[in-house]
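Hi,

Here is the structure I promised to pass on.

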Amino acid sequence: MANYGEQFLSKIVDNNDTQAFIRYGIEDSDFPTEAERKASRFVRSYAEQNGGQAPSYATFVAENPDITYIPDVSDSFDYMARQIKSLSAKIQVKRVIETEAQEAFTKLSGEEFLIWLRERTDGIIMRTSVRNKIGTDVKKDIDVFLREYQNRKDGKSFRVWLSKFPTINRVIGGYLGGNMYTWYGRSGRGKSVFTMEEALEAAVQGANVLIWSMEMPKFQWMARAYSSLSARDNIVQAEVNGQVFAAGFENTAMLRGKLPEEFEEGLHSFLVGLNESLAGTITLRAVDDKDFDDRSLRALEADIIATKADVVIIDPFYYLDYERNTSKTTGGDAAATSMKIRRLTGKYGVVTHAITQADEIKDDRDEEGNRELNPAKRAEIKKTKQVLEDAAAVFGIDSLNEEGRGIISLGKGRDGGEDTEVEVVYLPNYGIVREITIDTNANKFKVSI
């Protein structure tokens with residue numbers, strides 16, 4: 001059987017190519033014998049002290065008498081690296097099974113053991129993979145571009161999920177797969193409502209939507225969702241402040257179990273028909289789910305894979321189990337978490353809506369107790385500013401529930417639209433959250449549906 005470790009080391013000496021260790025990610029620990037590991041350490045040390053040069057054949061043999069030097073190796077570095085990594089993977093797995101796994105199996109629960117085993121095997125896969133190509137050659141790999149172009153033209157690999165609010169579609173072109181969007185506002189101003197509307201809009205278009213609702217119980221979230229979805233179907237008419245709106249089932253009445261009897265029948269019919277009328281799917285993970293203890297990004301990734309999610313709602317960001325703060329800086333754990341979410345978003349091509357908090361403002365009411373709409377600014381984002389940096393666009397929101405008004409302010413747009421504001425009819429109790437547009441002919445406001 002060929003000894004690929006000895007061949008790899010011999011070829012490095014023959015070719016004077018110590019960079020092969022780096023190009024193919026070969027570590028000392030990848031070699032199966034102590035003699036090979038010692039020889040690997042010697043070659044690296046020699047290179048560090050001699051400007052990257054490999055030792056001569058004579059020096060290599062003299063310093064490593066237990067290694068068989070093999071001249072004129074014709075196999076490629078890539079091939080030998082793969083064989084070395086393959087054997088290294090087997091050895092590492094064998095070591096885990098025979099030693100660590102026994103102890104972990106005894107101490108951990110079944111679910112904890114599976115998570116631990118997945119982490120250990122994922123680590124081995126990462127350490128023993130070999131790259132044979134770095135990135136994409138922009139001049140030569142035109143077939144990659146043309147293939148993706150055709151897939152996007154055919155709607156196979158790329159989706160833009162349109163916003164419910166026409167102005168957002170106009171200024172940023174909707175929500176592009178692979179991008180993260182951050183929503184922020186002060187407490188109780190409607191962050192969950194606005195992002196729910198975008199989630200429902202995506203599901204209406206056929207998206208698989210994953211909701212991580214870490215503040216709101218599932219019955220409350222579902223009641224709001226059913227109110228909004230039924231409003232889209234013009235289930236009922238509601239008169240609010242003298243204006244008549246096409247509305248949905250009243251949210252508060254559903255929460256209290258107090259819908260009028262005739263509306264209960266209509267609600268039942270509406271819910272039965274959702275399976276046919278809603279093009280996409282919505283998978284809800286809520287704060288009161290007994291199996292929702294793990295809020296780590298690994299668990300989020302597993303849910304994205306399992307649900308084949310196109311759109312993900314993280315409500316709110318700061319209730320996630322943060323990544324470890326390796327930077328040792330204030331807020332480093334939140335920043336690391338945001339960056340990891342951004343990577344997951346790109347890896348799976350999903351649209352991610354992440355909700356975070358904005359600083360509260362004192363004395364925001366006048367002497368009569370009135371308050372004006374005042375969407376939060378970028379500088380007021382709490383927890384970490386990294387969620388601003390990682391987002392393709394950020395939205396500051398505010399609402400006056402008692403007046404039925406709301407606003408969305410585009411605080412940053414990678415594709416333009418910064419400082420654009422969207423005025424909204426905000427009556428979530430009736431499922432009505434819609435943009436107001438101006439009818440210039442009649443010089444009056446109307447609801448854009």
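Setting aside neighbours up to four places away in sequence, Met339 is in contact (heavy atoms within 4.5 Å) with Gln386 and Asp390. Before going on: this is a predicted model, where local features need pLDDT of at least 70, side-chain atom pairs count only at pLDDT 80 or more, and totals for chains, interfaces and linings use all residues. Residues are numbered from 1 along each chain as its sequence is written, and side-chain values use heavy atoms, with hydrogens and water left out.

Met339 and Gln386 are 47 residues apart along the chain, yet their C-alpha atoms are separated by 7.3 Å. Met339 itself is partly exposed, at 35% relative accessible area; buried means under 20%, exposed over 50%, and partly exposed in between (1.4 Å probe, protein chains only).

Met339 sits in helix α14 (residues 332–348). Helices (H or I, at least four residues) and strands (E, at least two) are DSSP runs, numbered from the N terminus. Among the buried residues of α14 are Ala334, Ile341 and Leu344, and the buried set packs against β3 (180–185), α13 (297–307), β8 (311–315), β9 (351–357) and α15 (386–389). After α14 comes Gly349, with a positive phi near 65°.

**The cores**

The largest nonpolar core has 45 residues, and Ile172, Tyr181, Trp183, Phe194, Phe395 and Ile408 touch the most other members. Such a core is a set of buried Ala, Val, Leu, Ile, Met, Phe, Trp, Tyr and Cys residues joined through side-chain atoms within 4.5 Å. Helix α9 (residues 191–204) gives the most to this core, seven residues. A second, separate core has 27 residues, including Leu297 and Ile314.

**Salt bridges**

There are 22 salt bridges in the structure, each a side-chain nitrogen of Lys or Arg within 4 Å of a carboxyl oxygen of Asp or Glu. Which parts of the chain does the pair Asp303 and Arg285 link? Asp303 is in helix α13 and Arg285 in strand β7 (residues 281–286), 18 residues apart, so this pair links distant parts of the chain. Their closest N and O atoms are 3.0 Å apart, and both residues are buried.

Lys94 pairs with Glu98, with 2.9 Å between the closest N and O atoms. These two are separated by about one helical turn because they lie four residues apart in helix α5 (residues 77–107). Finally, Lys164, Glu197, Glu201 and Arg232 are linked in a network of salt bridges.

Cheers
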